[in-house]
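Please look over the sequence and the model shown here.

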Amino acid sequence: MFKSPVGGPVAVGLNGLAGDMQGDRRVHGGPEKAVHYYPAEHYPLLAARVPAITASLVPGVLGENLSGIGLTEATVCIGDIYAAGTCRLQVSQPRQPCWKISHRLEHDPMSRLIADLGCTGWYFRVVQEGAIRAGDVLELVERPAPGLTLARLWTAHSAHRPDAAELTRLSEAAGLNADWARRLRERAAWLLDSPGR
């Protein structure tokens with residue numbers, strides 16, 4: 001969770017960046033959560049909501065490996081593949097904010113606020129190993145699920161009673177983490193089996 005800037009180049013393998021560590025490998029890290037991206041433009045939004053911690057809200061504080069301007073959940077789609085340095089990274093799933101964010105920032109409602117605002121960031125899987133350095137541009141090279149943005153996925157995931165067809169559409173997005181796809185299908189099936197609940 002505690003990250004510091006690296007000038008690079010940094011080797012990027014199937015399990016993430018060289019030198020990066022995760023506290024609990026049962027729920028963090030691994031090939032489907034190899035690289036965590038958090039949009040830098042979200043930090044002013046969070047600071048406006050919680051001015052008391054503005055000084056702490058800088059890239060890296062949420063445990064992300066990469067941060068930048070120009071990519072957000074509203075513009076990035078499930079399965080998008082980006083060239084970054086000599087790597088290729090594929091969007092696999094949103095980040096689900098956990099208690100560690102609140103603990104890190106010493107503000108108990110922070111994880112909930114990030115979830116409610118939908119400014120969660122996301123994870124990449126590594127489809128081509130290589131190296132990346134600060135200042136490298138993330139360039140979109142493939143979009144297998146146009147229109148199926150991370151914001152759309154998060155909205156359906158967070159809804160009290162989402163549309164079952166929408167959940168099914170999202171579950172079929174190429175590149176979506178298999179566990180996310182399974183849970184979306186199961187929820188869609190439950191909604192169709194219990195229309196009155």
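The sulfur of Cys98 lies 14 Å from the closest cysteine sulfur, that of Cys119, which is too far for a bond. The search of the whole structure finds zero disulfides; a disulfide here is a pair of cysteine sulfur atoms within 2.5 Å. In general, a disulfide is a covalent bond between the sulfur atoms of two cysteines.

This is a predicted model: local features need pLDDT of at least 70, side-chain atom pairs count only at pLDDT 80 or more, and totals for chains, interfaces and linings use all residues. Residues are numbered from 1 along each chain as its sequence is written, and side-chain values use heavy atoms, with hydrogens and water left out.

Buried means under 20% relative accessible area, exposed over 50%, partly exposed in between (1.4 Å probe, protein chains only).

| Cysteine | Relative accessible area | Class |
|---|---|---|
| Cys98 | 18% | buried |
| Cys119 | 1% | buried |

**The sheet**

Helices (H or I, at least four residues) and strands (E, at least two) are DSSP runs, numbered from the N terminus. Two strands pair if DSSP finds at least two bridges between them. Six strands form an open sheet with mixed pairing, in the order β4-β3-β7-β6-β5-β9. Its edge strands, β4 (66–68) and β9 (138–142), each pair on one side only. Neighbouring strands are turned by 40° against each other on average, direction ignored. Axes are lines fitted to C-alpha atoms, for helices over the stretch in contact, and angles run from 0 to 180 degrees between N-to-C directions.

**Strand β5**

Strand β5 (residues 81–84) runs antiparallel to β6 (residues 87–94), and four bridges join them. Ala83 stands opposite Arg88 in β6. The hairpin of β5 and β6 has two residues between the strands, and Gly85 takes a positive phi near 60° there. Four bridges also join β5 to β9, again antiparallel. Tyr82 has Leu140 as its bridge partner in β9. In a regular strand the side chains alternate between the two faces of the sheet. Both faces of β5 are covered: Ile81 and Ala83 are buried on one side, Tyr82 and Ala84 on the other.

**The rings**

Which residues do ring pairs link into a cluster? They are Tyr37, Tyr82, Trp122 and Phe124. Rings of Phe, Tyr and Trp (its six-membered ring) pair if their centres lie within 6.5 Å; planes under 30 degrees apart count as stacked, over 60 as edge-to-face and the rest as tilted. The whole structure has five aromatic pairs. Tyr37 and Trp122 are stacked, at 4.8 Å centre to centre with 20° between the planes. This pair links distant parts of the chain: Tyr37 is in strand β3 (residues 35–39) and Trp122 in strand β7, 85 residues apart. Tyr37 and Trp122 are both buried. Trp122 and Phe124 have ring centres 6.4 Å apart and planes at 85°, so their pair is edge-to-face. Phe124 is buried, as is Trp122.

**The helices**

Helix α5 (residues 164–171) has these buried residues: Ala164, Glu166, Leu167, Leu170 and Ser171. They sit on the same side of α5, because they cover an arc of only 160° around the axis. The arc is that of the directions from the helix axis to the C-beta atoms. Their cover includes α4 and α6 (178–193).

Key. Contact means heavy atoms within 4.5 Å.
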